[in-house]
Amino acid sequence: MKYQTNHRFRLERKGDDPHSLTKQKYTCPACGKKSLTRYIDTKTKTYLSEKCGRCDRLNNCAYHYTPREYFQDHPEEKEKYKNKEDVWRDKAVSHRWDWLGDEKGFDAVFDCIPKEIIPKAYLWGNSDSVFFLWLRSLFNTNAIEDSVAMRVLRDYALGATPDGRVLFYQIQDRRIRTAKIMDYDPSGHRRKVPSWLHNLPGIKEYYPGGFRLRQCLFGIHLLFKYPEKMVAVVEAEKTACVMAGFYPDTLWLATGGATVNLNADSLAPLKGRRVVFYPDASPEDKIYKDWQRRTALNMPTSTSYQVDDSLTGSKVSETDKEKGIDLVDIINYR
Ligand SMILES: [Zn+2]
């Protein structure tokens with residue numbers, strides 16, 4: 001009988017059981033001696049059927065019942081192991097992270113989303129969103145300019161839903177905090193309110209106690225890729241993507257909202273970088289003043305930063321303040 005192995009099931013080895021120095025031996029169904037090495041499921045770290053194994057008495061018994069034979073004899077069991085739900089439910093739970101910060105108002109633990117439970121089409125690198133088509137049109141459509149759009153797509157890990165909405169992933173420390181799912185029309189205007197990856201049917205079920213969201217700055221995963229670049233923080237993900245296309249010497253991040261991600265937890269990774277904040281225009285410069293206050297409170301020490309005032313005071317009309325224009329509205333890219 002040939003020794004059989006595959007990726008998921010294999011014979012137990014010394015060390016598979018962390019509580020035992022030797023591998024376990026079980027009663028052989030053929031010779032009755034305690035000489036059977038059993039097959040384990042490497043994903044769930046559990047044994048297959050007690051019949052599944054190889055007798056170590058190779059000369060006298062040589063019993064060997066492989067997982068393949070077992071599943072041929074018990075096709076209903078095969079279905080059970082095909083079901084990845086349980087496996088990934090464990091994985092999802094193991095993606096919970098203790099938060100080591102000390103700021104008040106946060107839970108001590110938050111959830112991250114393992115890549116494996118996200119539908120493939122939703123993952124980054126998918127250029128089939130209306131938003132991305134619009135973005136690409138800004139950078140023109142010839143091949144060389146297209147590479148600008150592709151750089152933005154890859155850098156910012158943009159995804160797309162089958163109905164053409166864009167996914168703005170929030171990734172920090174190589175873990176997916178969530179993604180904001182937004183619907184844009186072909187001229188780059190937002191439609192409907194955003195939804196969230198962690199609320200998607202098929203994903204939210206992994207968090208029966210409710211998903212514990214901890215947002216991070218959009219684009220923050222690029223800090224390590226571009227250690228030399230000056231950092232600019234804007235409000236909208238869209239603005240960060242557009243600016244990244246036209247001003248690639250700066251690393252553009254987005255808070256994802258006027259009052260989001262300006263807490264000590266989200267700003268902590270910026271420590272030691274040169275940072276400029278670009279708040280949107282607002283009546284009476286309220287947002288500008290609010291960002292000044294929040295950054296003064298929450299920016300990490302020994303970090304040089306400023307809050308840009310280009311969209312404040314008499315530099316912007318009252319109408320534009322009412323509209324809440326941002327950098328994209330004032331740069332000349334046509
Ligand atoms: Zn035996």
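This report describes the strand pairings of a predicted model, together with the helices that accompany them.

**Overall make-up**

The protein comprises 10 helices and 16 strands, and 34% of its 334 residues count as buried. When contacts between residues at least 6 apart in sequence are considered, 57% of them join residues at least 24 apart.

**The antiparallel sheet**

An open sheet is formed by four strands, whose order is β9-β10-β11-β12 and whose pairing is antiparallel. The edges are taken by β9 (159–160) and β12 (190–196), and each of these has a single partner strand, so one side of each is left without a neighbour in the sheet. Within the sheet, strand β10 (residues 166–172) pairs with strand β11 (residues 175–184) in the antiparallel sense, over seven bridges; Phe168 stands opposite Lys180 in β11. Helix α4 (residues 130–138) packs on this sheet, where it touches β9, β10 and β11, and the direction of α4 makes about 75° with that of β11.

**Strand β13 and its parallel partners**

Strand β13 (residues 230–234) has four of its five residues buried, and it is therefore largely enclosed by the rest of the structure. Five bridges join β13 to strand β14 (residues 250–254), and the two run parallel; here Ala232 has Trp252 of β14 as its bridge partner.

The pairings for which bridges are given can be set out as follows.

| Strands | Sense | Bridges |
|---|---|---|
| β10 and β11 | antiparallel | seven bridges |
| β13 and β14 | parallel | five bridges |

In general, strands of a sheet pair through backbone hydrogen bonds, in either a parallel or an antiparallel manner.

**Ala264 in helix α7**

Ala264 is found in helix α7 (residues 264–267). This alanine has 15 C-beta neighbours inside 10 Å and so counts as partly exposed, since a residue is buried at 20 or more such neighbours and exposed at 12 or fewer. Although Ala264 and Asn298 are 34 residues apart along the chain, their C-alpha atoms are separated by 4.5 Å.

Terms used: Residues numbered from 1 in each chain as written. Predicted model: local features only at pLDDT ≥ 70, side-chain atom pairs only at ≥ 80, totals over all residues. Contact = placed C-beta atoms within 7 Å. Pairing = 2+ DSSP bridges. Axes fitted to C-alpha atoms, helices over the stretch in contact; angles between N-to-C directions.
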